[in-house]
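Please read it beside the sequence and the model.

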Amino acid sequence: EKHSGNNELNILCVGRLIERKGQDHLLRAFAKLQSKSQLPVKLTLVGTGDAEALLKQLAADLLVTKSVHFAGVVSSDRMPQMFRDADVFVLPSQSEGMSIALLEAMACGLPVVVTDTGGTAELVQENVNGFIVPWANVDDLAEYLAILVSDEHMRQRMGQANRQTAIQYSWIGM
């Protein structure tokens with residue numbers, strides 16, 4: 001089991017650190033999650049962008065700096081390990097086409113939480129392979145993350161469903 005080490009549950013978000021990607025909402029939701037969660041949780045943000053300094057400041061203001069890892073740019077050959085180290089994948093963006101990072105997360109068997117925008121929501125069946133939240137809804141985001149963090153069987157079930165979904169999409173000639 002990948003939690004042999006420090007037993008932290010790792011929530012992963014991959015995307016440019018810009019306002020419409022919604023990492024600020026994710027940080028706020030993560031802070032709520034951390035205050036409620038029985039289990040130790042951490043958040044890993046992969047990417048860089050204009051909002052990086054603001055997001056780091058927000059993490060400090062929310063008192064979650066110790067639990068948030070700003071991974072910066074991660075080379076494509078190191079990404080599979082990032083997905084393997086994660087337990088939940090979140091895409092909190094305002095608008096998104098078909099997200100390659102989302103498909104990769106699904107192929108790696110991660111349960112996902114996405115916003116109800118664009119091409120992403122059609123990949124996710126509520127409660128089957130993940131959850132869909134309204135854009136900028138911090139409370140819903142925190143709630144779904146809390147459910148996934150606390151329920152290992154659900155994470156495994158959704159992860160399995162995502163592997164199947166990703167396989168179908170790769171056949172349609174992505």
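Contact here means heavy atoms within 4.5 Å. The model is predicted, with local features requiring pLDDT of at least 70 and side-chain atom pairs pLDDT 80 or more, while totals for chains, interfaces and linings use all residues. Residues are numbered from 1 along each chain as its sequence is written, and side-chain values use heavy atoms, leaving out hydrogens and water.

**Nonpolar cores**

- Not counting residues up to four places away in sequence, Ile11 touches Phe30, Leu33, Lys42, Leu43, Thr44, Val88, Val90, Leu145 and Val149.
- Ile11 and Leu145 touch the most other members of the largest nonpolar core, which has 34 residues. A nonpolar core is a set of buried Ala, Val, Leu, Ile, Met, Phe, Trp, Tyr and Cys residues joined through side-chain atoms within 4.5 Å.
- Helix 6 (residues 138-150) supplies the largest share of this core, seven residues. Helices (H or I, at least four residues) and strands (E, at least two) are DSSP runs, numbered from the N terminus.
- Another core, of 22 residues, lies apart from it and includes Val46, Met106, Leu123 and Val124.

- The chain has seven helices and six strands, in the sequence pattern β-α-β-α-β-α-β-α-β-α-β-α-α.
- Among contacts between residues at least 6 apart in sequence, 67% join residues at least 24 apart.

**Dimensions**

- The C-alpha trace spans about 45 × 35 × 30 Å along its principal axes.

Terms used: Buried means under 20% relative accessible area, exposed over 50%, partly exposed in between (1.4 Å probe, protein chains only).
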